[in-house]
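Please look over the sequence and the 3D structure shown here. Then read the short report below them.

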Amino acid sequence: MIERFHAIYDGCIQREGSRELKQWLLATDFFKAPASTKFHEAYEGGLVEHSVHVYDELIRLLKAYPGLNVSPETAAIVSLLHDVCKADSYKVEYRNRKNDFGVWEKYPAYTFKEDFCFGGHGSKSVFLIQQFMPLSREEAVAINCHMGAVNGDWSIADAFRAYPLSFLVHTADMAATIEF
């Protein structure tokens, strides 16, 4: 998945600052981090795998909505980079549990501990990306709103109506986290 991420990124994203952003990603644990602590792709390399899955889902959805006219660069940016805020935020800690024989054992588990808190993770991703390269309004809204109303923010529907790409990124993100 790492090679696939690089191929998509390098093949689609040519915006000013994109090389610097990629260098920053390489300096973080983005390519080794899990995507979550326990919900989806909660294993080493899960974050980059999830990002590529979101890209694949978004491309599939965009084929169903050809009238949206989203560039390959925008599709790559909003899908591959929607969770960059998670880089360097997962730590391994050891917990106790009983094994199959009833004996207590320590096991490694991921925990989420940010060094830089910036509100919701959509807004943090937008902020971090824009430290390196500009985003269009549509791209920023799509990344910022990719969690949908998960946190109870029902005003997100207004963003979905104004920027349909934001709804598709949310849908792609949800589809990429569900295992059928």
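## The model and its hairpin

This is a predicted model. Start with two strands. Strand β1 covers residues 90-98, and strand β2 covers residues 104-112. β1 and β2 pair in the antiparallel sense, over 9 bridges.

## Thr111 in strand β2

Thr111 sits in β2. Its relative accessibility is 14%, so Thr111 counts as buried. The cut-off for buried is under 20%.

What does Thr111 contact, beyond its neighbours within four places in sequence? The partners are Thr37, Ser89, Tyr90, Lys91, Glu93 and Arg95.

Two of these partners, Glu93 and Arg95, also form a salt bridge with each other. Their closest N and O atoms are 3.1 Å apart. Arg95 has 34% relative accessibility, so Arg95 counts as partly exposed. Glu93 is partly exposed too, at 27%.

## Helices α5 and α6

Two packed helices are described by the angle and the distance between their axes. Helix α5 spans residues 121-129 and helix α6 spans residues 137-144. Their axes come within 7 Å and cross at roughly 140 degrees. Why is this pair called oblique, rather than roughly antiparallel? Roughly antiparallel needs an angle over 145 degrees, so α5 and α6 count as oblique to each other.

On the α5 side, the residues that meet α6 are Gly122, Ser123, Ser125, Val126 and Ile129. On the α6 side, they are Ala140, Ile143 and Asn144. By class, this contact has 4 nonpolar, 4 polar and no charged residues.

## Salt bridges

Side chains of opposite charge can pair when their charged atoms come close. The salt bridge count here comes to 10.

One of them joins Glu139 and Arg15, at 2.6 Å from N to O. This pair links distant parts of the chain, 124 residues apart. Glu139 lies in helix α6, while Arg15 lies in the loop between α1 and α2. Are Glu139 and Arg15 buried or exposed? Both are buried.

Another salt bridge joins Glu57 and Arg60, with the closest N and O atoms 2.7 Å apart. These two residues are 3 apart in helix α3, so about one helical turn separates Glu57 from Arg60. Finally, Asp10, Arg19 and Lys22 are linked in a network of salt bridges.

Definitions and conventions: Residues are numbered from 1 along each chain as its sequence is written. This is a predicted model: local features need pLDDT of at least 70, side-chain atom pairs count only at pLDDT 80 or more; totals for chains, interfaces and linings use all residues. Side-chain values use heavy atoms; hydrogens and water are left out. Helices (H or I, at least four residues) and strands (E, at least two) are DSSP runs, numbered from the N terminus. Buried means under 20% relative accessible area, exposed over 50%, partly exposed in between (1.4 Å probe, protein chains only). Contact means heavy atoms within 4.5 Å. Axes are lines fitted to C-alpha atoms, for helices over the stretch in contact, and angles run from 0 to 180 degrees between N-to-C directions. Angles under 35 degrees count as roughly parallel, over 145 as roughly antiparallel, 65 to 115 as roughly perpendicular and the rest as oblique. Ala, Val, Leu, Ile, Met, Phe, Trp, Tyr, Cys and Pro count as nonpolar, Asp, Glu, Lys and Arg as charged, and the others, Gly among them, as polar. Two strands pair if DSSP finds at least two bridges between them. A salt bridge is a side-chain nitrogen of Lys or Arg within 4 Å of a carboxyl oxygen of Asp or Glu.
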